[in-house]
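Reader: I've just opened this one and could use a quick tour. Can we go through it piece by piece?

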Amino acid sequence: MTPPARVQAAIDLLDLIIAAAREGGAAADTIIARGFAARRYAGSKDRRAVRNLVYDAIRLCGELPRDGRAAMLALAQRLPGVAAAFDGSTYGPPAINPNEKPATPGIAPAWLVTALAASGLDDAEQDALLERAPLDIRVNRLLATREEIIIEGAEPLAFAPDALRLPPDTSVDKHPAYEAGLIEVQDAGSQLVTLACGVQPGMRVIDLCAGAGGKTLALAAAMANQGDLLATDTDRGRLQRLSPRAERAGVTIARTLLLNPGHEAEMLGDEIGRADVVLIDAPCSGTGTWRRNPEARWRLTADRLTKLEATQSRLLDLAATLVRSGGAVVYVVCSLLDAEGADQAAAFLDRHPGWQSAAIDLPAGARHGAGIRLTPAAHSTDGFFVAMLRAT
């Protein structure tokens, strides 16, 4: 592909990504993969170049652009090579009209920038939310030690005991260590907030919003594969991915339970008052993961945020019923908005006078409200808020 053809391919993909963000469609990664499947003539260098153009444009535009061309025109203002590709050639985009309006650069929609600032994130912290993320892996201590894993370019992270960091474009899913269950892809911040649970062998633990089970597997490793670990979720497709992952990782203590939305309390009736720890990796805005999913900021609305906050409150109240006296709820969101993090923890403590926040000892993070906050700028991880709430 010529440089103009690459730019036009990026514009075409951006059109689809913008429409999906507006209408609640597929994620950018999915759309890009489909687009490349339809362009089998594109070689690996072409695909990498087009993908980089797409994500550079997404990161640049804070507000949802009018269309893909407007987004790429904004990038053309920063990159002369992109501007030169608007040459009107056969496979390239038409020449730039001086009256065309490019998309507006920015961190996020204006209302969201205001919310981030109100949550204590200055300009440097906000800028870091859109930097390219490294690739972190977690060494499965059930089967290996970090010193035994040899992957070119891997660097151990001093602040995360099981983490290795790799360059962003590293592919590990075909590596022998991955196929043998010795490693899992997991951001260092995600590994740390799982460590915050403080689980031990023999405990009874519930991962209430387990998804595909990344934190479930980390919990099982911390428990030395001893005890009872229940992973629940309302998403059948995601939860079904846990079993083969657990088998590959040598995890035998994890059992799964698919919950019906709105009937979670009823279906968890047998677990009431029995858990030592309940982890809630709650559905959230994902503001802490924009490095990996930058188009997510185009999808978030104030109304959706309000609905997420209601779900988070409900899950906290549900988790409180599952914990034994002296047990703990560990509340986690991959969000840096106080409305989803510190404010939720404070509101829970107001609703439950018999509970209190407990100190969390992590090798990274800063105290924030009743919990700990990790940010890309300060801690070189995805953004997280984690709080331990203990029943007295």
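Reader: Which residues of α10 are buried?
Author: This is a predicted model, to begin with. In α10, the buried residues are Lys215, Thr216, Leu217, Ala218, Leu219, Ala220 and Ala221.

Reader: What does that say about how α10 sits in the structure?
Author: Helix α10 covers residues 214–222, and seven of its nine residues are buried, so the rest of the structure largely encloses it.

Reader: And what comes just after α10?
Author: Ala224 does, with a positive phi of about 55 degrees.

Reader: New topic. Where is Thr289?
Author: Thr289 is in a loop. That loop runs between β8 (275–281) and α14 (296–299).

Reader: Is Thr289 buried or exposed, and why?
Author: Buried. Its relative accessibility is 14%, and the cut-off for buried is under 20%.

Reader: What is Thr289 in contact with, leaving aside neighbours within four places in sequence?
Author: Cys334 and Asp382. As for Gly286, its backbone oxygen lies 2.9 Å from a polar atom of the Thr289 side chain.

Reader: Let's zoom out. How many helices and strands are in the protein chain?
Author: The chain has 17 helices and 13 strands. Its radius of gyration is 22 Å, close to the 21 Å that the globule rule gives for 392 residues, so the chain is as compact as a globular protein of that length.

Reader: What share of the 392 residues counts as buried?
Author: 54%.

Reader: Last one. How far apart are the mean positions of the positive and negative charges?
Author: They are 3 Å apart, for 41 positive and 47 negative charges.

Technical notes
Residues numbered from 1 in each chain as written. Predicted model: local features only at pLDDT ≥ 70, side-chain atom pairs only at ≥ 80, totals over all residues. Heavy atoms only, no water. Helix = DSSP H or I, 4+ residues; strand = E, 2+ residues; numbered from the N terminus. Buried < 20%, exposed > 50% of the residue type's maximum accessible area, 1.4 Å probe, protein only. Polar contact = N/O pair within 3.5 Å; in protein donor to acceptor, adjacent residues only side chain to side chain. Contact = heavy atoms within 4.5 Å. Rg over C-alpha atoms; globule rule 2.2 N^0.38 Å. Lys, Arg positive; Asp, Glu negative; His and termini not counted. Charge placed at Lys NZ, Arg CZ, Asp CG, Glu CD.
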